[in-house]
Structure formats: C-alpha cells, structure tokens
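Thanks for asking me to look this one over. Here are my notes, in the order in which I would go through them at the screen.

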Number of protein chains: 2
Amino acid sequence: MPAAPQRPFNFAPGPATLPDSVLRQAAEEMLDWHGSGMGVMEMSHRGKEFVSILEQAVSTLRELLAVPPHFHILFMQGGGLGENAIVPMNLAGPQAGGLIDVVVTGSWSKKSLVEAQRYGDARAAASNEVDGRTSIPAAATWQLRDGAAYVHVCSNETIDGLEMATLPDLAALGCQSPLVADCSSHILSRQIDWSRVGVVFAGAQKNIGPAGLTLVFVREDLLGRALPICPSAFDYSVVAAHGSMYNTPPTYSIYIAGLVFEWVKAQGGVAEMDRRAAEKSALLYNYLDDCGGFYRNRVAKDARSRMNVPFFLTNETLNDAFLAGAREAGLLQLKGHKSVGGMRASLYNAMPLAGVQALVDYMKDFARRHG
Amino acid sequence: MPAAPQRPFNFAPGPATLPDSVLRQAAEEMLDWHGSGMGVMEMSHRGKEFVSILEQAVSTLRELLAVPPHFHILFMQGGGLGENAIVPMNLAGPQAGGLIDVVVTGSWSKKSLVEAQRYGDARAAASNEVDGRTSIPAAATWQLRDGAAYVHVCSNETIDGLEMATLPDLAALGCQSPLVADCSSHILSRQIDWSRVGVVFAGAQKNIGPAGLTLVFVREDLLGRALPICPSAFDYSVVAAHGSMYNTPPTYSIYIAGLVFEWVKAQGGVAEMDRRAAEKSALLYNYLDDCGGFYRNRVAKDARSRMNVPFFLTNETLNDAFLAGAREAGLLQLKGHKSVGGMRASLYNAMPLAGVQALVDYMKDFARRHG
C-alpha cells in the first residue's frame, strides 16, 4: 500500500478526514470483500453479502447512539440540503396543519427555513442574525406556534461554528410539536436525548466521512404524515418499510460508514468521542482566547462548536501567508467558508489530538514570526 | 494488494462488476490521491483537487457520448426511482400542461408511470403487459397526446431484459413533446441520438458501477419548467447553475465513475463497447436459441437486451443446482429478479467476453449432465 507513514492533518469541513485504519481496510478489501470474490462496490444490494454489511452498520449505529426501538434508522441520499425539502414533505402533510417553526442560528438553519417555505407556513421562531451569528437565542425566547407540524433546529452550524450542547426540551417550553434536529456536523460526537426529538438527520460527509449518504432517524409515530407530492424514494414510510432498500442505496458509502462506526466503537464509543471533542476543541479555543489578539474567534463561549472552529487573523493581509505556511507544515484545508472568510478548523472524530496540537504549534510560531 | 489473480465473473444486475484496473487504482489512491495527502473520500468538494476530478469526469463523459453543448450534464443522487419523481417535478410544471405519456415496456417504465401520476395526468401510451413483456410495442401504435409535457421510455428494461436498439423519433410520429429516456442499464454501451431526446437519466450503479450517483443529461431549453414543490437539491435548473455542487455531490462515486469513463475511453470508447455488447450477447443468445430447449429466453429477438439476459431452465426444479454449480465455477449473482424468476446474466461493459464464454461453457456442461 503506497501511503505515507504520517499523512498531513486534514481540517476539511466535509467531506472530511477519515481514520487511516478505515481507509487501509477499504483498500485491502477493494477487489475481494471477505472472500466473496467481489468488491463491495460490485455487489448487488439485495445479495446476502451487502445485506449483512447494511444490517451490521445499522446495528452498530443503533448501539453507538442508544437509538430506541421506536426510532427507524434510514439510510438515504441527498444530504442536508435534500433533507431541507424531504423533512417538510414528510412531516407537513395536510393533517399536520402546515406550520413550521425554524430556529435560525446560522447558514444551515437559514437554508432550512427558506426551503421549508415551499411546503408550508414556515417562519423563524428566533434568529441570531442581529448579533452577527455569534450566539444561540435562549429557548425561552423562541416564538413557537401552537400546533406546528415541527420545530427545526440545526444543532451544529458548520459554517458559523455554533453548537447546541444539548437539544432543546420543547415540552418544557409548553410546545407539543416534534423537534427536528439537523445534526450533520456533530453526529456521533455526543449522545442524543431521544426523548426530545422526533427526527434527526445527518449528512454522513462531515463527522462520519463519505459523501452521498444521509442518516435519518425518525420516530415511528411520525410516519404517515407526508404530503401527497412526496417522492416515494424520499418518503420515510416507504424507505422504512423497505429497510432503506426501496431504491438502490449508496452501498459503498454505507460500507465505509459501517467501518467508521466500528472504529468509533473500538475507540470507546460516543462517550470517548465526546471526551476527545472537549479536549481537542479546548486546546484550540484556549489558545485563541489567550493569544493576545493575533487570532480571534467571535462566537459566545457557551455557543462554540467543538467540531468547527472558525477563526480570524486580526491582520487579514496575512491570510494567504498563513494558509501557505500551514500547507507546508502538513495542515490542510483550513480556509474559512467563503461567506464568513478567515480560517476554519474542523475537528471531527477522525482528527487526532496530535493534529490539533500541530495546528496550535503552527499558529503560535506564525504569530511569533508575524506579530 | 491481496487480490486473486483471476476473480470470479460477477453477473450482478447492479451494483455490478467493475474493471479490475479501476478497482486497483482506487485502492492504490485510497490514502493519498496524486500526492495531495488526502484520499478522494476526504476532500472538500469545493477544493481544487475534487473540482479537477469532477471536471475531468464530466469532460470525458461528454466526449464519450458526444453530448452536444446545449445539454447540461448533471451529477445527482437518488437513482432511477428518485428520477421517476424528479423528472415530472422538473418538466410537468404549470406551463407544461401536466400531461405525461409513458411507454410501458417492463417493470421500470411501469414504476415510472405510477410515480408520475403524483405530479400530473400520466397515462400509458402503450404497454406490453398483454404479451407478458416479451416485445416492445411499435412506435406507430403509441397513443401520444398533443401537448404532453413529455414522453417517457425506458430504453433498457433491466428486469425484463428488453432493449430499444434506437430511441424513438417522436417528431416523425408527429409528436412535439420532449422525449425522456431512462438509460440506466445500458448507458455507455451505444451512442445516443441527442436530436431525439430532451432528458436522459441513468443510475450509475448498473453499467458504470458505483451506486449513489445518477447521471442526468438535460437540454437547455427544458430548464425552468419545474413545479413549485420541486426541492432545490433536485431542481435541474439549480443543479445546473451550481455545476452539480448545490448540495455536496457523491464525491467518491463520481471519482470511480470518472475512472470507469477513462477505462471506456482507453478500450476504444463507446463504439468498442457497442461492438463488444453485440458480440457478448450474441454468444449467449445464440446458445439459448440453439440449446434444444433446456434453457429458454422469452423475449422477441428484435427486443432482446444486450445488457440483461433473463433465461429459464425448462425444468425449474434444477434452479438451485444450477446456481450452486455456477458459484463453484466462479460465476456469481445469476439468480433472476424475484418478480420474474429463473436466471439473469447481466453483461455490462466491465464483463469480459471470457466471462460470457465461461457462462456458456458451464451452461452446456450443466445441460449435458442434467439433460
């Protein structure tokens, strides 16, 4: 296997870095999975080999996140932007009244709001646009409407770098609507309180790895609320009834995701990912707070994402030099999202502590040379 | 690379066999693509590395199929079953009148008809159900309605084993509606007459390989006809405007498809795939016709698919023995679709002539031993 013994650290926001061991196993099995004579990409999705891969992936995922039996786990396609339409097409059917409340905390939830407006009376229940997307509005201030088909939150905003440490307790706010949480960029980095949600979705290409796979967790009682125009291939009831095999699933992405699930389990599970996320992000945020102003992060401390850390050089004319030096130091894909600018370090599960340490060391050295 | 020097021949209907050389290259590049320090699965889709992979794939595909400049090539998700909804959501908008004519020639076009009925007044313009799906109704007999938003055909029926040798010339039939062709299971095995079609789509998991990628070719003038409820992520206009990057594309599947496109080109292009498809399928059909009744194929000769060859043992009590012996002989995934029964050999581009010869040799031997 021609691979460097020490690969660069890849801070891409998604698709994103994967564990070396997962990639090595995938490479070794590429032409022959478990003596079947076929690579995983070549298997009929209905054959016993792929069925066993799918079932194992679902089962490990259910174990890792302690998903209760009354939630279906669906493997779908289309990513977060696809789900922005697929969720209202599934939950805002005629019997659900058509009201959709969206808590806007950044670029992703804003997109969810705009897309939902095609399918119902969707409004922002709160917004952090007034403060430049640096904090998460307190749940007690959210304007939730009685009888809404659902309330949408994005529990980690990849672009803006905000994260909800816990999902909101809508019942405690007197709201009976189901909560929908877009957990794309922090899934498997902390446990999910299943008593608080109706639907969780996550594009796999951020904290799990391969693009083209969307995980959807849907509570059993929320099936059957789809709009008549919901495509069969994206109808949760249809996908659930066919065990994610109504249309051909993205088989290779499911296989890779399954290897990542096994890797998470072997590392100590979601609890260990949670501990590492706290440790890794603290290392970087502590430096940003203590660096004397050369770099800064604008997000309120209690809203900072452990997965995506946007930061800025106070002297932005140094941005190109910072990125070029980072590449030379083996620190890749640190450029911030075009809508935000500056830098962004994504610290997903597969990013080791050593990568964050290397980034902080480089940042210190760069500040010393240019400060 | 731990792979057998001679792998079994895999006749799966999709996902399906891939060229060994493609899989070997993918394995070699798994941890480090072209010295980038990242595997393809780990690259941001907006980084220059993946953008180059996407652009190369589109460009090679355009060259292979001689796609004219007024057709957009889109890389989407959801497969053929997804497109069954995505096509009418894109073409049957209010200004297009809402009439949809579907030529039913098998399981796939039947599904397209049923799904289209959610979005417009969709009817069967013809059907081969009366003859047990063994022939393709002559185009002159199709009941096409004036002003239909589009006419849908499935030019290769994977399950039933029927293929249109050429796409119908709707204009010659006096029909001005655009033709939509589901070419999922024979794309890249013959040229497409672009003057006859408005939209071509194809799930990649059949004649190209990796699941989770859908190719869509859409004529420029057909953009802008979408229903208001068409999701942004599946709106051809949006996907075209963003160069297949509105949502995160299925990056690894695109990379593998790109390697397959290069492989097709290196083999001699679509003309050579066409020649081989004729040669391989003739080898099998000739044996089926000359075997004296031990096996049979029910499809009319002029409608037989060169990609998917369903066949039956006259004595069906021998089915299990046939399949078990085939596996032992290194001939995999020959079981027919559950709705049809019997056997099915899929002879996609990546299946070498030697595989078909091995199959025919096995069939002869089996017939001799059990005849």
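1. A cut-off to start with: a residue is called buried when its relative accessible area is under 20%, exposed when it is over 50%, and partly exposed in between. A:Leu188 has 0% relative accessibility, so A:Leu188 counts as buried. Please keep in mind that this is a predicted model.

2. Staying with A:Leu188, look at its backbone. Its phi is positive, about 70°, although A:Leu188 is not a glycine. You will find A:Leu188 in the loop of chain A between strand E8 (179-182) and strand E9 (199-203).

3. A:Arg133 sits in the loop between strand E4 (121-127) and strand E5 (150-154) of chain A. Is A:Arg133 buried or exposed? With the limit for buried at under 20%, A:Arg133 counts as buried because its relative accessibility is 18%.

4. Now for chain A as a whole. Its secondary structure comes to nine helices and 14 strands. The radius of gyration is 21 Å, close to the 21 Å that the globule rule gives for 371 residues, so chain A is as compact as a globular protein of that length. Its C-alpha trace spans about 65 × 60 × 30 Å along the principal axes.

5. How much of chain A is buried? Of its 371 residues, 64% count as buried. Among the contacts in chain A with a separation of 6 or more, 68% are between residues 24 or more positions apart. The accessible surface of chain A is about 12,700 Å², and carbon and sulfur atoms hold 52% of that area.

6. Helix H2 of chain A (residues 48-64) is worth a slow look. Its 17 residues reach 24 Å from the first C-alpha to the last, close to the 24 Å expected at 1.5 Å a residue. The buried residues of H2(A) are A:Glu49, A:Phe50, A:Ile53, A:Leu54, A:Ala57, A:Thr60, A:Leu61 and A:Leu64. Seen down the axis of H2(A), these buried residues fall within an arc of 135°, so they line one face of the helix. In general, an α-helix has 3.6 residues a turn, so residues three or four places apart point the same way.

7. What lies on either side of H2(A)? The cover over its buried residues includes strand E2 (71-76), strand E10 (214-219), helix H6 (251-267) and helix H7 (269-290) of chain A. On the face turned away from the buried side are the exposed residues A:Lys48 and A:Glu55. After H2(A) comes A:Ala66, with a positive phi near 50°.

8. Helix H7 of chain A also holds A:Asp274. A:Asp274 counts as partly exposed because its relative accessibility is 26%. Which residues does A:Asp274 contact, leaving aside its neighbours within four places in sequence? They are A:Ser189, A:Arg190 and A:Arg306. The C-alpha atoms of A:Asp274 and A:Ile192 are 11 Å apart, although the two residues are separated by 82 residues along the chain.

9. B:Asn319, B:Phe322, B:Leu323, B:Gly325 and B:Ala326 are its buried residues. They fall within an arc of 165° when seen down the axis of H8(B), so they line one face of the helix. The opposite face, turned away from the buried side, carries the exposed residues B:Asp320, B:Arg327 and B:Glu328. Helix H9 (353-370) and strand E12 (308-313) of chain B are among the elements that cover the buried residues of H8(B). B:Gly330, which follows H8(B), has a positive phi near 80°.

10. A cis peptide bond joins A:Gly14 and A:Pro15, with omega about -5°. The bond from B:Gly14 to B:Pro15 is cis as well, with omega near -10°. A:Pro15 lies in the loop between strand E1 (9-10) and helix H1 (20-28) of chain A.

11. Last, the two copies together. The same surface serves both copies, as 100% of the contact residues of chain B recur in chain A.

How values were computed:
Residues numbered from 1 in each chain as written. Chains lettered and ligands numbered in written order. Predicted model: local features only at pLDDT ≥ 70, side-chain atom pairs only at ≥ 80, totals over all residues. Heavy atoms only, no water. Helix = DSSP H or I, 4+ residues; strand = E, 2+ residues; numbered from the N terminus. Expected span 1.5 Å × (residues − 1). Buried < 20%, exposed > 50% of the residue type's maximum accessible area, 1.4 Å probe, protein only. Arc of directions from axis to C-beta. Contact = heavy atoms within 4.5 Å. Rg over C-alpha atoms; globule rule 2.2 N^0.38 Å. Areas by Shrake-Rupley, 256 points an atom, 1.4 Å probe, with all protein chains shown as cover.
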